[in-house]
Amino acid sequence: HKSFITLEASSPVLVEAFVAFKTAWDSFRATDAERLLGLQMTYIILNDYPAGSKDQLDFAPGEEEYHAVHKEYHPQYRTILYDRNYYDIFMLDLDGNCIYSVYKELDYATNFAANGTGEWK
C-alpha cells in the first residue's frame, strides 16, 4: 500500500479535492458541532443505503456546496478505496476534523485531534 499512498498523495486531484471539501465544510454550518450533526444526519442517518454500504450515496440532496463537492469527488475516492482494498479514506483538516470519509461511519465529521472533542483520537 505504501506505493499507492505515495502515488495518491502526489496527485494534484487530492489537493483540489481537499481544498474543495475544506471550503465546503467551513460553509456548511457555523460550528463544528453543527457540521457534525448536519453531515452525519444527511450522509448516515437519512442515507437509504444500509450500514456498511453508506458509501454508495454519491451525494445528498440539498443546495449546500458540500453536496456538490461530494458529488464531484466521492466516486473517484470510492473507486480508489475499492481498487486498493483500503479500510477507508479520510480527509482531515489542520484542526483534526474529518471533513471527508468514503465509508461514512460514526467517525465521519468528528474531530480526531488529541485535544479535540471527538471520540476517536
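Helices (H or I, at least four residues) and strands (E, at least two) are taken here as DSSP runs, numbered from the N terminus. The structure is a predicted model, in which local features need pLDDT of at least 70 and side-chain atom pairs count only at pLDDT 80 or more, whereas totals for chains, interfaces and linings use all residues. Residues are numbered from 1 along each chain as its sequence is written, and side-chain values use heavy atoms, with hydrogens and water left out.

H70 is found in helix α4 and, with a relative accessibility of 0%, counts as buried (under 20% relative accessible area; exposed is over 50% and partly exposed in between, with a 1.4 Å probe and protein chains only). The H70 side chain reaches the backbone oxygen of D58 at 2.7 Å. When residues up to four places away in sequence are not counted, H70 touches F21, Y43, L57, D58, F59, P75, Y100 and K104, contact being defined as heavy atoms within 4.5 Å.

Beyond its neighbours within four places in sequence, F21 is in contact with Y66, V69, H70, Y73, M91, I99 and Y100.

Y49, by comparison, lies in the loop between α3 and α4 and is partly exposed, because its relative accessible area is 37%.

Note on methods: A polar contact is a pair of N or O atoms within 3.5 Å; within protein, one must be able to donate a hydrogen and the other to accept it, and residues adjacent in sequence count only if both atoms are side-chain atoms.
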